[in-house]
Amino acid sequence: MGLFGKNEKPPKEQVREWTSKLRKEQFQLDRQIRAIKREEDKVKKSLKDAAKRGDTDVCKVLAKEIIRARKAINRIHTSKAQINSVQMSMNHQLEEMIEDTLEGLDDQDELEEEAQEEIDKVLWELTAGQLGTAPAAVSESLPETEVEGATATTSKTEDFADMQERLEALRS
């Protein structure tokens, strides 16, 4: 959930959507430029006709109109450049976000490796190096040992008896 309960789109999709809208605006600005240039050409033709007739007042008004049209075109070109700049900065920021995310994943891997090294170190210290002699991974089947049932149970009962004696000694 985004701000005010809206569902937010992923940043990549938002940038694509905004870029599309900006491109449409640029096409609209191009259309305006072409329309202004067509009008400017008509005014130029009218200015030439007025000059042939010797009508200086009309020529001055038409010349001012041409100047306004050129200024408008310059302003529209400036707007297009700003829109293009916004597009480029959005794409750049998205790329940076993706790079930062990927770097974060790399950092996560490094942290996991460091944590595993610390775990191995602590286990080595606590087991006095015995864990290092144990196999790293369990094989598919356990090794078969030929232990007689009688000796195995006898040693277990002896161990149990020893533990009970120690427990009694601790209680007293």
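Start by selecting isoleucine 83. Leaving aside neighbours within four places in sequence, isoleucine 83 is in contact with Leu22, Glu25, Gln26 and Leu29, where contact means heavy atoms within 4.5 Å.

A word on what you're looking at: this is a predicted model, in which local features need pLDDT of at least 70 and side-chain atom pairs count only at pLDDT 80 or more, while totals for chains, interfaces and linings use all residues. Residues are numbered from 1 along each chain as its sequence is written, and side-chain values use heavy atoms, with hydrogens and water left out.

Now widen the selection to Val15, Leu22, Leu29, Ile33, Ile73, Ile76, Ile83, Met90 and Leu94. These 9 residues are the largest nonpolar core. Such a core is a set of buried Ala, Val, Leu, Ile, Met, Phe, Trp, Tyr and Cys residues joined through side-chain atoms within 4.5 Å. Buried means under 20% relative accessible area, exposed means over 50%, and partly exposed is in between (1.4 Å probe, protein chains only). H1 and H2 each supply at least two residues of this core, and H2 gives the most, with 5 residues. In soluble globular proteins, nonpolar side chains tend to be buried together.

Zoom out to the whole chain. The protein chain has 4 helices and 0 strands; helices (H or I, at least four residues) and strands (E, at least two) are DSSP runs, numbered from the N terminus. Buried residues make up 13% of the 172 residues.

Next, colour helix H2, residues 56-126. Why does its length make sense? At 1.5 Å a residue, its 71 residues should span 105 Å, and the end C-alpha atoms are 104 Å apart, which agrees. (The expected span is 1.5 Å times one less than the number of residues.) Buried residues in H2 include Cys59, Leu62 and Ile66, and helix H1 (11-53) is part of what covers the buried residues of H2. Just after H2, click alanine 128: it takes a positive phi of about 55°.

Still on H2, pick leucine 105. At 47% relative accessibility, leucine 105 counts as partly exposed.

Last stop: salt bridges. The rule is a side-chain nitrogen of Lys or Arg within 4 Å of a carboxyl oxygen of Asp or Glu, and the count comes to 7.

- Glutamate 40 and lysine 44 meet at 3.8 Å, N to O. They are 4 residues apart in helix H1, so about one helical turn separates them. Is glutamate 40 buried or exposed? Glutamate 40 is buried, with a relative accessible area of 8%, whereas lysine 44 is partly exposed at 31%.
- Arginine 68 and glutamate 65 meet at 2.9 Å, N to O. These two are 3 residues apart in helix H2, again about one helical turn. Arginine 68 is partly exposed at 49%, and glutamate 65 is partly exposed at 37%.
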